[in-house]
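How many salt bridges does the count come to?

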Amino acid sequence: RCAAGRGAARFGKREEYWDPDEQRRVNENKSWKRTDSPQDAWDIDKERDATMYKRESLERLLQLTPSDPKPDKAVVCGKCRAPVSKRSLETQKDRAHLHRLYYADKYVAVGVYERDGTTVTVDDAIDSRASRWWAPRAARRCRCGRCGEVLGWAFEDNPEERVGPFYALLQSRVAT
């Protein structure tokens with residue numbers, strides 16, 4: 001075997017290579033002459049870097065162990081800093097977590113969160129303007145359980161969709 005451990009076996013003057021790339025490199029090296037231009041010379045460093053990059057990329061793609069999960073941060077009320085939800089409860093509605101919607105003559109940005117584990121109080125009255133966003137779901141205002149600040153809306157379940165009941169929290173009223 002050669003010193004690099006690339007799979008070459010030496011038998012006297014005759015050499016056998018099991019790796020076709022190794023054989024190609026040896027043949028290119030044998031055919032190079034000192035009179036050839038330096039740009040035509042075989043650059044072993046460049047070739048090794050390319051091979052290593054390819055190997056590392058494949059290892060990353062084929063990695064079986066999942067990457068470390070991100071820490072679960074709390075989503076808190078922007079006014080009193082009381083915990084409202086968690087980042088792990090973020091979900092999607094219409095293929096997006098954040099939505100920009102028209103409400104009361106202005107646009108508002110809301111984030112969609114699952115109802116389980118969210119600590120807010122929900123009003124009894126239905127908000128007809130917010131209910132138009134995802135009809136036929138009924139929307140009710142939801143408030144911080146500690147200070148009473150309006151944080152967004154609670155949307156009821158719609159049996160025709162896969163997304164269950166959820167909260168649409170105003171991004172200007174919550175923080176992480």
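When a salt bridge is taken as a side-chain nitrogen of Lys or Arg within 4 Å of a carboxyl oxygen of Asp or Glu, the count for this predicted model comes to seven. Side chains of opposite charge can pair when their charged atoms come close.

One of these salt bridges is formed by Asp123 and Arg143, whose closest N and O atoms are 3.1 Å apart. The two residues belong to distant parts of the chain, with Asp123 in strand S7 (residues 120-126) and Arg143 in strand S8 (residues 139-144), 20 residues apart. Asp123 has a relative accessibility of 22% and therefore counts as partly exposed, and Arg143, with a relative accessible area of 25%, is partly exposed.

Strand S8 also holds Arg140, whose side chain meets that of Glu156 in a salt bridge with an N to O distance of 3.0 Å. This pair again links distant parts of the chain, since Glu156 lies in the loop between strand S9 (150-155) and strand S10 (166-170), 16 residues from Arg140. Because its relative accessibility is 27%, Glu156 counts as partly exposed.

A further salt bridge joins Glu149 to Arg173, and here the closest N and O atoms are 3.4 Å apart. Glu149 is found in the loop between S8 and S9, while Arg173 is found in the loop between S10 and strand S11 (174-175), so the pair ties together parts that are 24 residues apart in sequence. With a relative accessibility of 22%, Glu149 counts as partly exposed, and Arg173, at 31%, likewise counts as partly exposed.

From the charged side chains we can turn to the strands. Strands of a sheet pair through backbone hydrogen bonds, either parallel or antiparallel. Strand S3 (residues 74-77) and S4 run antiparallel and are joined by three bridges.

Which residue of S4 is the bridge partner of Ala74? The partner of Ala74 in that strand is Lys86.

Note on methods. Residues are numbered from 1 along each chain as its sequence is written. This is a predicted model: local features need pLDDT of at least 70, side-chain atom pairs count only at pLDDT 80 or more; totals for chains, interfaces and linings use all residues. Side-chain values use heavy atoms; hydrogens and water are left out. Helices (H or I, at least four residues) and strands (E, at least two) are DSSP runs, numbered from the N terminus. Buried means under 20% relative accessible area, exposed over 50%, partly exposed in between (1.4 Å probe, protein chains only). Two strands pair if DSSP finds at least two bridges between them.
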